[in-house]
Amino acid sequence: AQLDLDSILEFTINLALEAGEMIRAGQQKRFASESSNEDEKVNSVDLVTEVDKAVEAFITKKIKETYPDHQFIGEETFKGEKVTDEPTWIGKSHQPSKCLTNPIDGTTNFIHGFPCVATSIGLAVGGKPVVGVIYNPFLDQLYSAAKGKGAYLNRKTKLPITGKGKPLQSLGHALIAIEYGSSRSAPALPSKVKTFQTLAASPELGGKMCHSLRSMGSAALNIATVASGGLDMYWEVGCWAWDVCAGICILEEAGGVMFGSKGSSLSGEVDSDLLTGRKYLAMRGIAPTSDESTLQVQQR
Ligand code: IPD
């Protein structure tokens, strides 16, 4: 049956706002308590709190009640717990629809009280994101989109924000987000650092320096900020489908492009199966083929 994207979007926005309230209250409670500890998942920097789990349980319950036929995959209940660089079955499933959610994206920020924290809820149909909502309850910023219906900040401001919709002309003028992620042993870390260096300034890119590098500590917020125009580009290796599903929908509706792990820039080709990869490059607009530096970064 045809999905009613307008009503799904409305449902998802309300769900994200309610989840956001839980996140805000959960943080206050944690900060007031002597004994609130986070758990470690794959390593000492891959963290989860009781609030992540409670928010995910809440989101799952609501989705199951409202859309009982939909599949649900959440970060904290994902069965293939091993975080490796291999693609997972998440985006490869042949199920007609999936809800991909990250209850708290930016868990490390949440633990530290750094305000870049979001709940990220996306619906993918046939492996393609069609609804995405990202809500930062600490800054009260709500990014939302449904396929073909545009992307918005706080429901009213159409993305990208005026004047930021043009394709990126050159890395030389770019503000670029990068993330260390939780994979920090060799060979992952040196390879990430090499790319950070290349993005910052590199003779390989004709001596171009970007304006600066940023790390928001939340994949969802990095992508949403590229969609809104505050960042020009975001590069990361190590994301999962739940980190990017909602963001891809918002970014694409704002006229941006997400390149996946197989994305070949020179042809302008975008990986058709964006939810199976672990390596992402989000850009506002499509880079003109004349800028060698931008193209080379896309290829990495
Ligand atoms: C992580 C954050 C982080 C990014 C990682 C994500 P989490 O999600 O988005 O910025 O570097 O790739 O897994 O663990 O906070 O849900």
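The following dialogue goes through some named features of this predicted model and the rules behind the names.

Student: What kind of model is this, and how are residues numbered?
Tutor: This is a predicted model, in which local features need pLDDT of at least 70, side-chain atom pairs count only at pLDDT 80 or more, and totals for chains, interfaces and linings use all residues. Residues are numbered from 1 along each chain as its sequence is written.

Student: Why are H5 and H6 called roughly parallel to each other?
Tutor: The axes of helix H5 (residues 219-228) and helix H6 (residues 241-253) cross at roughly 5° and come within 8 Å. Axes are lines fitted to C-alpha atoms, for helices over the stretch in contact, and angles run from 0 to 180 degrees between N-to-C directions. Angles under 35 degrees count as roughly parallel, over 145 as roughly antiparallel, 65 to 115 as roughly perpendicular and the rest as oblique. H5 and H6 are therefore roughly parallel. Helices (H or I, at least four residues) and strands (E, at least two) are DSSP runs, numbered from the N terminus.

Student: Which residues make the contact of H5 and H6?
Tutor: On H5 they include Ile223 and Val226, and on H6 they include Ile250 and Leu251. Two residues are in contact if their C-beta atoms, placed from the backbone, lie within 7 Å. By class, this contact has 10 nonpolar residues, one polar and one charged. Ala, Val, Leu, Ile, Met, Phe, Trp, Tyr, Cys and Pro count as nonpolar, Asp, Glu, Lys and Arg as charged, and the others, Gly among them, as polar.

Student: Why do E13 and E15 stand at the edges of their sheet?
Tutor: The open sheet has five strands in the order E13-E10-E14-E16-E15, with mixed pairing. Two strands pair if DSSP finds at least two bridges between them. Strand E13 (212-214) and strand E15 (257-259) each have a single partner strand, so one side of each is left without a neighbour in the sheet.

Student: How do you know that E10 and E13 pair?
Tutor: Strand E10 (residues 175-178) and E13 share three bridges, in the parallel sense, and the rule asks for at least two. Ile176 stands opposite Leu213 in E13.

Student: What does H5 lie across?
Tutor: H5 lies across E10, strand E14 (233-237) and strand E16 (279-283), and runs at about 155° to E14.

Student: Which residues come nearest to the ligand?
Tutor: Of 15 residues around the ligand, the nearest are Thr107, Glu179, Gly181, Ser218 and Ala219. A residue is near a molecule or strand if its C-beta atom, placed from the backbone, lies within 6 Å of it. Strand E4 (97-105) and helix H3 (107-112) are the elements that give two or more residues to this shell. The shell divides into two nonpolar, eight polar and five charged residues.

Student: Which domains supply the shell around the ligand?
Tutor: Domain 1 (5-158) and domain 2 (171-299) each give at least three residues. Their bounds come from an automatic or database domain assignment.

Student: How many residues of each domain are in the contact between the two?
Tutor: The domain assignment gives domain 1 and domain 2, and their contact takes 41 residues from domain 1 and 28 residues from domain 2. On the domain 1 side, E6 has the largest share, seven residues.

Student: What makes the bond from Leu159 to Pro160 cis?
Tutor: Its omega is near 0°. Pro160 is in the loop between strand E9 (157-158) and E10. Another cis peptide bond joins Ala186 and Pro187, with omega about 5°. Pro187 is in the loop between E10 and helix H4 (188-200).
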